[in-house]
Amino acid sequence: MIRIGIGYDLHRLIPGRPLVLGGVTIPHEKGLAGHSDADALCHAVTDAVLGALALGDIGGHFPDTDPRYGNANSLQLLEAVVRLAHNTGYRVVNVDANIIVQRPKMQPYIDAMRQRLAEALQTDKARVSVKAKTNENVGPEGREEAISAEAVVLLESG
Ligand code: MG
């Protein structure tokens, strides 16, 4: 049995916050607004795993009204969802993800993101793809008002 899931997330870019994507803190003059660490890539992957399991979404499992998740490390939320998958008999086959970000350049950090995500997903880095696209200076990502991410995940049982 295989199951596929899709995830998407967007956070606004604001001054005075760290920029965390895929569990990696990236030097930049702005960071992502949010209740948790606002790691949009991690959130998209987490939602993709939940989607594959048809178990709702990240907001339902980790409500942003719950003080326990204030400044939460999103890799830990992903780890919790992967435990849920394992408990229902599923493991990760592979993940493919896009980050839509005008600036800063993601390339120096992609390898570390793949490694962190693979650890949280309890899989091999070779099964985790992360790509980055600019938005050609248009739209909220292109105007550097926000960063978004999308992900697909394949799970298999047995
Ligand atoms: Mg989010």
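**A buried serine and its surroundings**

Guide: Ser74 is buried, with a relative accessible area of 0% (buried means under 20% relative accessible area, exposed over 50%, and partly exposed in between, with a 1.4 Å probe and protein chains only). This is a predicted model, in which local features need pLDDT of at least 70 and side-chain atom pairs count only at pLDDT 80 or more, while totals for chains, interfaces and linings use all residues. Residues are numbered from 1 along each chain as its sequence is written, and side-chain values use heavy atoms, leaving out hydrogens and water.

Ser74 belongs to helix H3, which covers residues 74-87 (helices, H or I with at least four residues, and strands, E with at least two, are DSSP runs numbered from the N terminus). Leaving aside residues up to four places away in sequence, Ser74 touches Ser36, Asp37, Asp39, Cys42 and His43, contact being defined as heavy atoms within 4.5 Å. Ala38 lies in the loop between strand E4 (30-32) and H1, and although Ala38 is not a glycine, its phi is positive, at about 65°. Ala38 also counts as buried, at 0% relative accessibility.

From H3 the view passes to H4. These two helices pack at an angle of about 35°, with their axes 8 Å apart (axes are lines fitted to C-alpha atoms, for helices over the stretch in contact, and angles run from 0 to 180 degrees between N-to-C directions). On the H3 side the contact is made by Leu75, Leu78, Glu79 and Val82, and on the H4 side by Arg116, Leu117, Ala120 and Leu121.

H4, residues 107-121, also packs against H1, residues 40-53, again at an angle of about 35°, but here the axes are 12 Å apart. In this pairing Leu41, Cys42, Val45 and Val49 of H1 meet Met113, Leu117 and Leu121 of H4.

In the loop between strand E5 (90-100) and H4 lies Pro104, which is joined to Arg103 by a cis peptide bond with omega of about -5°. In the loop between H4 and strand E6 (128-133) lies Gln122, whose phi is positive, at about 55°, although Gln122 is not a glycine. Gln122 is exposed, with a relative accessible area of 52%, whereas Ser74 is buried. Gln122 and Asp57 are 65 residues apart in sequence and 20 Å apart in space, C-alpha to C-alpha.

Beyond residues up to four places away in sequence, Leu10 touches Glu141, Ala146, Ile147 and Ser148. Between Leu10 and Tyr90, 80 residues apart in sequence, the C-alpha to C-alpha distance is 27 Å.
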